[in-house]
Amino acid sequence: MIVVSRNGNVATIIYDLYCEYSAARTRVFLLWRTFTGYRLMHFAKPAYELRWVDDIGSELAEKPGATGYEVVTRLQNGKIDPNSLEITSNEPWGADADAGERGSWRFQHNAGAYSLSWFEVDPFSERSLGPDKASRLKGERFVLFPSEK
């Protein structure tokens, strides 16, 4: 997929390259801009730690929060909106893919780069929850970015 945008005298072309394996698609995005040429796009992603009360991961010891950021070039199940150039990613975990991470990045035309706009984690897999906690915690998501004040 190729997405084309023009802002003033600067033309932008974004190449959406992916590898499909089973249900997951790993995507990388290559950017071409007037005056600068080609470059692989990089995405900031929150780094965090999940600290559990017990060994089976049925209850968090504390609410997760971003401890820093890492830079990635590949996004699982990434999608690009051809109108806004926003990129979203959904990385499911577990055998039933009922937990995972989701995020979105906005294209900054002036900088020619993407900036993180939103990121959340759902750490609870239904397989690790007891019957009494499954209905209460399944689907509980923690927003890591923007951070709560």
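**Fold, core and a buried glutamate**

Modeller: To start with, of the 149 residues of the chain, 36% count as buried. Keep in mind that this is a predicted model.

Biologist: Thanks! How many helices and strands are in the chain?

Modeller: The chain has one helix and 12 strands. Along the sequence, the pattern reads β-β-β-β-β-β-β-β-β-β-β-α-β.

Biologist: And which residues have the most contacts inside the largest nonpolar core?

Modeller: That core has 22 residues, and those with the most contacts inside it are Ile14, Phe29, Phe43, Leu75, Ile80, Ile87 and Tyr114. Two or more core residues come from each of β3 (24-33), β10 (99-108), β11 (113-122) and β12 (142-145).

Biologist: Which element gives the most to this core?

Modeller: β11 does, with four residues.

Biologist: Let's zoom in on Leu75. What is Leu75 in contact with, leaving aside neighbours within four places in sequence?

Modeller: Leu75 is in contact with Arg25, Thr26, Arg27, Phe29, Phe43, Ile87, Ser89 and Trp105.

Biologist: New topic: Glu101. Does it count as buried or exposed, and why?

Modeller: Glu101 counts as buried because its relative accessibility is 8%, and the cut-off for buried is under 20%. Glu101 sits in strand β10.

Biologist: Which side chain does Glu101 have a polar contact with?

Modeller: The side chain of Lys45, at 3.0 Å. Beyond four places in sequence, Glu101 also touches other residues, including Tyr48, Ser89, Trp93 and Phe119.

How values were computed
Residues numbered from 1 in each chain as written. Predicted model: local features only at pLDDT ≥ 70, side-chain atom pairs only at ≥ 80, totals over all residues. Heavy atoms only, no water. Buried < 20%, exposed > 50% of the residue type's maximum accessible area, 1.4 Å probe, protein only. Core = buried A, V, L, I, M, F, W, Y, C linked by side-chain atoms within 4.5 Å. Contact = heavy atoms within 4.5 Å. Polar contact = N/O pair within 3.5 Å; in protein donor to acceptor, adjacent residues only side chain to side chain.
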